[in-house]
Amino acid sequence: QTLLGHGTVRGSLLVNAGATVSPGNDAEGISLSALTVTGSLVLAGTNAMQTDKLSQTNDVIGGAASITFGGRLRITDLYSTAFADGDSFKLFDGASYSGAFAAIEPATPGAGLYWDARQLTVSGTLKVVSTPPPASPPTIANIVRTGNDIIISGAGGAPGATYNVLSSTNVA
């Protein structure tokens with residue numbers, strides 16, 4: 001399923017895995033567009049957004065009461081203009097933000113550049129930087145005991161990093 005174009009979704013929008021939402025590329029030939037969602041927005045599929053670096057504008061999804069990021073964020077520039085350190089794109093406009101995209105495509109905005117997604121959950125803004133943004137510190141989100149097992153889940157830290165769980169047994 002694909003939802004593309006501009007206009008208003010009156011209510012909530014759930015973009016499931018396998019689905020795509022793209023404010024631009026609509027049937028009327030409008031390349032950059034704004035899509036308004038009046039309820040909550042959950043992005044669990046692909047979110048395809050276009051930028052026009054030369055005009056310093058981009059697609060926007062806005063108006064949402066809450067936006068939950070997930071799935072993939074795909075960024076393309078209309079004129080294939082190279083991104084540069086300091087470029088900034090306000091892609092989302094909502095009352096509140098949560099979650100994180102599992103991937104941003106392309107993986108980097110260019111040679112020697114990095115996506116800085118730290119402001120997505122603050123202001124809906126994606127930035128281009130020349131130094132990698134610091135990884136969020138690892139945090140333990142939940143500890144559950146199931147039978148003889150203890151399951152520890154968390155988030156953050158450097159991607160692909162190895163973490164050690166130190167344990168001991170209290171044998172009194």
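Predicted model: local features only at pLDDT ≥ 70, side-chain atom pairs only at ≥ 80, totals over all residues.

User: Let's start with sheets. How do strands join up, and in which order do the strands of the open sheet come?

Analyst: The general idea is that strands of a sheet pair through backbone hydrogen bonds, either parallel or antiparallel. Here, four strands make an open sheet with the order β3-β6-β10-β14, and the pairing is parallel. At the edges sit β3 and β14 (97-99), each of which pairs on one side only. From one strand to the next, the twist averages 10 degrees.

User: How many bridges join β6 to β3, and how many join β6 to β10?

Analyst: Strand β3 (residues 13-15) is joined to β6 by three bridges. There, Val 15 stands opposite Leu 43 of β6. Strand β10 (residues 66-69) is joined to β6 by four bridges, and across that pairing Ser 40 stands opposite Ser 66 in β10. Both pairings run parallel.

User: What should I look for in the side chains of a single strand?

Analyst: Think of two faces: in a regular strand the side chains alternate between the two faces of the sheet. Take strand β6 (residues 40-43): Leu 41 and Leu 43 are on its covered face, while Ser 40 and Val 42 are on the uncovered one.

User: And in strand β11, which side chains point to the buried face?

Analyst: In β11 (residues 72-77), those are Leu 73, Ile 75 and Asp 77.

User: Which strands does β11 pair with?

Analyst: One is β7 (residues 46-52), which pairs with β11 in the parallel sense over six bridges. Another is β15 (residues 103-105), joined to β11 by three bridges and also running parallel. Arg 74 is a handy landmark: Ala 48 stands opposite Arg 74, and Arg 74 in turn stands opposite Glu 105 in β15.

User: Now a single residue. Is Thr 51 buried or exposed?

Analyst: Thr 51, which lies in strand β7, is buried, because its relative accessible area is 0%. Its side chain makes a polar contact with the side chain of Asp 77, at 2.8 Å.

User: What makes a backbone spot worth a second look?

Analyst: Most residues other than glycine have a negative phi, and most peptide bonds are trans. You'll find Gln 56 in the loop between β7 and β8 (57-58), and it counts as exposed because its relative accessibility is 72%.

User: Where does Ser 80 lie, and what is its phi?

Analyst: Ser 80 lies in the loop between β11 and β12 (88-90). Its phi is near 55 degrees, again a positive value in a residue other than glycine. With a relative accessible area of 67%, Ser 80 is exposed.

User: Which peptide bond is cis?

Analyst: Look at the bond from Glu 105 to Pro 106: it is cis, with omega near -5 degrees. Pro 106 is found in the loop between β15 and β16 (114-116), while Glu 105 is the residue in β15 that Arg 74 stands opposite.

Technical notes:
Residues numbered from 1 in each chain as written. Heavy atoms only, no water. Buried < 20%, exposed > 50% of the residue type's maximum accessible area, 1.4 Å probe, protein only. Helix = DSSP H or I, 4+ residues; strand = E, 2+ residues; numbered from the N terminus. Pairing = 2+ DSSP bridges. Axes fitted to C-alpha atoms, helices over the stretch in contact; angles between N-to-C directions. Polar contact = N/O pair within 3.5 Å; in protein donor to acceptor, adjacent residues only side chain to side chain.
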